[in-house]
Amino acid sequence: MSLTMWSSRLMGRYEAALVQKPVPTKLATGGILWGCGDLVAQAGSKRREDDVDVARLSRAVIFGTLVHAPIAHVHYEFLERFCKHFRFSKRAVPVVKLVSEQCVDWCYFSISLYLFSMAKIEGFS
């Protein structure tokens, strides 16, 4: 089986899972992506490549799975309903979502939520 066929099949299964069970699929995706992101960040900031801060990685996976993914799911569902309610054109929808995410609400909320959650998970009050 070629790599193209394999990746196409994998993407099809992922898209089917998003339709059939959107929240669990997004939770798993969030955990995997936050974990991978933390591994990349650790690789870029460590002197020795074999040092992985497992506690930090665990916090990132927990945050991505249990905090960020469910809230992001609700946020993006809201944006979909918002765009449909105000009947934005297909060309305007990505712009509306981009402005909302980067300038209006999501980026400020998401960053604050991350910093607060990491402090709580680490045990700070």
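**Entry 1, Thr65.** I began at Thr65 and found that, with residues up to four places away in sequence left out, Thr65 touches Leu27, Gly30, Gly31 and Pro70. I count a contact when heavy atoms lie within 4.5 Å. I note here that the model is predicted, that local features need pLDDT of at least 70 and side-chain atom pairs pLDDT 80 or more, and that totals for chains, interfaces and linings use all residues. Residues are numbered from 1 along each chain as its sequence is written, and side-chain values use heavy atoms, with hydrogens and water left out.

I placed Thr65 in helix α3. Helices here are DSSP runs of H or I of at least four residues, strands are runs of E of at least two, and both are numbered from the N terminus. Where does the side chain of Thr65 reach? I traced the side chain to the backbone oxygen of Val61, at 2.8 Å. A polar contact is a pair of N or O atoms within 3.5 Å; within protein, one must be able to donate a hydrogen and the other to accept it, and residues adjacent in sequence count only if both atoms are side-chain atoms.

I checked the length of helix α2, which runs over residues 22-45. Its 24 residues should span 34 Å at 1.5 Å a residue, and the end C-alpha atoms are 34 Å apart, so the two agree. The expected span is 1.5 Å times one less than the number of residues.

Which residues of α2 are buried? I listed Thr25, Gly30, Gly31, Gly35, Asp38 and Gln42. Buried means under 20% relative accessible area, exposed means over 50%, and partly exposed is in between (1.4 Å probe, protein chains only). Their cover includes α1 (3-20) and α3 (54-85).

I counted 9 aromatic pairs. Among them, Phe78 and Phe82 form a tilted pair, 5.9 Å centre to centre with 35° between the planes. Rings of Phe, Tyr and Trp (its six-membered ring) pair if their centres lie within 6.5 Å; planes under 30 degrees apart count as stacked, over 60 as edge-to-face and the rest as tilted. Both residues lie in helix α3, where Phe78 and Phe82 are 4 residues apart, about one turn of the helix.

I then looked up their accessibility. Phe78 counts as partly exposed because its relative accessibility is 39%, and Phe82 counts as partly exposed at 30%. Ring pairs link Phe78, Phe82, Phe86 and Phe88 into a cluster.

I located Arg87 in the loop between α3 and α4 (92-104). Arg87 is not a glycine, yet it has a positive phi of about 50°. Is Arg87 buried or exposed? I found 74% relative accessibility, so Arg87 counts as exposed.

His75 sits in helix α3. Its relative accessibility is 8%, so His75 counts as buried. Leaving aside neighbours within four places in sequence, I found His75 in contact with Ser100, Glu101, Asp105 and Trp106.

I picked Leu10 and Arg9, Leu10 being in α1 and Arg9 being in α1. Leu10 is partly exposed, at 47% relative accessible area, and Arg9 is partly exposed, at 43%. Arg9 and Tyr108 are 99 residues apart in sequence and 37 Å apart in space, C-alpha to C-alpha.

I counted 5 helices and 0 strands. The C-alpha trace spans about 50 × 50 × 25 Å along its principal axes. The radius of gyration is 18 Å, whereas a compact globule of 125 residues would have one near 14 Å. That radius is taken over C-alpha atoms, and the globule rule is 2.2 Å times the number of residues to the power 0.38.

I noted that 25% of the 125 residues count as buried. Among contacts between residues at least 6 apart in sequence, 57% join residues at least 24 apart. The chain exposes about 9,300 Å², and carbon and sulfur atoms supply 65% of that area. Accessible areas come from the Shrake-Rupley method with a 1.4 Å probe, and for residues only the protein chains shown count as cover.
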